[in-house]
Amino acid sequence: KGERRKIREALSYLAPFLAMLALAAGLYGGNSLMWRTSPYKEYKELIFQCREVVDIRQNVKGYDLMPEVYEELNISRDACFMADDYQGFDDTDVWTAETAEKVVMARSQLGLYPGFGELVKTFASCWKVFLTYGFMWGIAGILALWLFAAKHDKFKILALAGQIIIFIGIYLWFIWLGRYLIDRVDAGMFMAISAGMLWQLGDIRLGKGRQAVCLLITLTAMVVCLNQYKTFHSKYSDNLAGDNGYSKKQIQMLIDDEHLFIVGSTALNQYIYSPLEAFPQGYRDKLYFSAGWAVRHPQVMELLAEYDVENPYKDSVNNEKVYVIPNDVERLVRYVRYYYDENARAELVEDLSAEVGINIYKLVS
């Protein structure tokens, strides 16, 4: 009886873990099944190949070195500029999984990857940008906390040196891939080093005065890092207002309008909402960002169909239901003229643009 009771106790202890494993396996199986069925299967294949095209961000350079390859695939130089800015992959008349695969294969033969000397030089130049990030003040606070409170024995110094070496190695690899100076990537890298420094503080005993200083430094670092979402990124256009409250009013005015807005990847500030607040209702229904990995998702395509849009570039021309807010209106017009309508032009929607404070256009021919 005693052994049976022990077995029952063990099973009751294991039951929640087994149930969690079963639930995870079911969710994984259901998710895998969904991605093997149409139209999700086609979406996954397209995005997987286009990710390979984007990650290196060398399409313009590749076009200049082997224009015949891109021209044979009917990919213009403007399409390459847009691809390097994570745009254009929702135009499946231009980009297909097969086209993207051919571009990646041709480009891999050019040896576009930088050498070690160029990697080191680029890494050194990155610090000019690193030091402009708002969260670096938080990192500086954590470094001050480490210098002020940690026990600096040789093992902890070696551990910190090891973290720095790993950081440099990983970041050189990011540069090699072309995935560098992306704020969300950089923030994660520096946060990892900060976590290592905080972990090395260990169980230390401090006087009340030092405890107060450490607490002040920690709170400052937390506030600065949490406030990072308000960063003004230099690549964004003049459409941005410096005050996030006003930017949110601009977004709400767009949502309240009856039109669908096709928005470029950097045409609107997407940093105005905190991780702790929800997007306003209708944000993703009325603002279609023609970049990133959500494009061509089946649910997104259902939304576009409500505005008679299958291809956002072709079907926006002379569509009374659609306005555009592009990164570069001249490039967008050249793109549409090259592929779809040689008479296309962009007309500023003056009344709405003046009301919202953002340059809004409609494509007409």
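## Legends for close-up views

**View 1. Helices α8 and α10 run roughly parallel to each other.** Angles under 35 degrees count as roughly parallel, over 145 as roughly antiparallel, 65 to 115 as roughly perpendicular, and the rest as oblique. The axes of α8 (residues 135–149) and α10 (residues 183–199) come within 10 Å and cross at roughly 15°. Each axis is a line fitted to C-alpha atoms over the stretch in contact, and angles run from 0 to 180 degrees between N-to-C directions. α8 passes α10 in a left-handed crossing. Left-handed means that the near helix is turned anticlockwise from the far one by less than a right angle; clockwise would be right-handed. On the α8 side, the contact includes Phe135, Ile139 and Trp146. On the α10 side, the residues include Asp183, Phe190 and Leu198. Contact means heavy atoms within 4.5 Å.

The model is predicted: local features need pLDDT of at least 70, side-chain atom pairs count only at pLDDT 80 or more, and totals for chains, interfaces and linings use all residues. Residues are numbered from 1 along each chain as its sequence is written, and side-chain values use heavy atoms, leaving out hydrogens and water.

**View 2. The whole chain has 16 helices and five strands.** Both are DSSP runs numbered from the N terminus: helices (H or I) have at least four residues, strands (E) at least two. Of the 365 residues, 45% count as buried. Buried means under 20% relative accessible area, exposed over 50%, and partly exposed in between (1.4 Å probe, protein chains only). Among contacts between residues at least 6 apart in sequence, 74% join residues at least 24 apart.

**View 3. Ile75 sits in the largest nonpolar core.** A nonpolar core is a set of buried Ala, Val, Leu, Ile, Met, Phe, Trp, Tyr and Cys residues joined through side-chain atoms within 4.5 Å. In soluble globular proteins, nonpolar side chains tend to be buried together.

**View 4. Helix α5 (residues 77–84) is largely enclosed by the rest of the structure, because six of its eight residues are buried.** The buried ones are Asp78, Ala79, Cys80, Met82, Ala83 and Asp84. α5 packs against helix α15 (residues 329–339) at an angle of about 130°, with the axes 9 Å apart. That makes α5 oblique to α15. The crossing is left-handed. Here Asp78, Ala79, Phe81 and Met82 of α5 meet Arg331, Arg334, Tyr335 and Tyr339 of α15. Just after α5, Tyr86 takes a positive phi of about 65°.

View 5. Asn74 lies in the loop between α4 (67–72) and α5. Its phi is near 60°. Asn74 is partly exposed, with a relative accessible area of 37%. Arg296 lies in the loop between β2 (287–289) and α14 (298–305). The phi of Arg296 is near 70°. Arg296 is buried, at 14% relative accessible area.

**View 6. Gln163 is buried in helix α9 (residues 154–177).** Its relative accessible area is 19%. Gln163 touches Ala192, Ile193, Gly196, Met197 and Gln200, not counting residues up to four places away in sequence.
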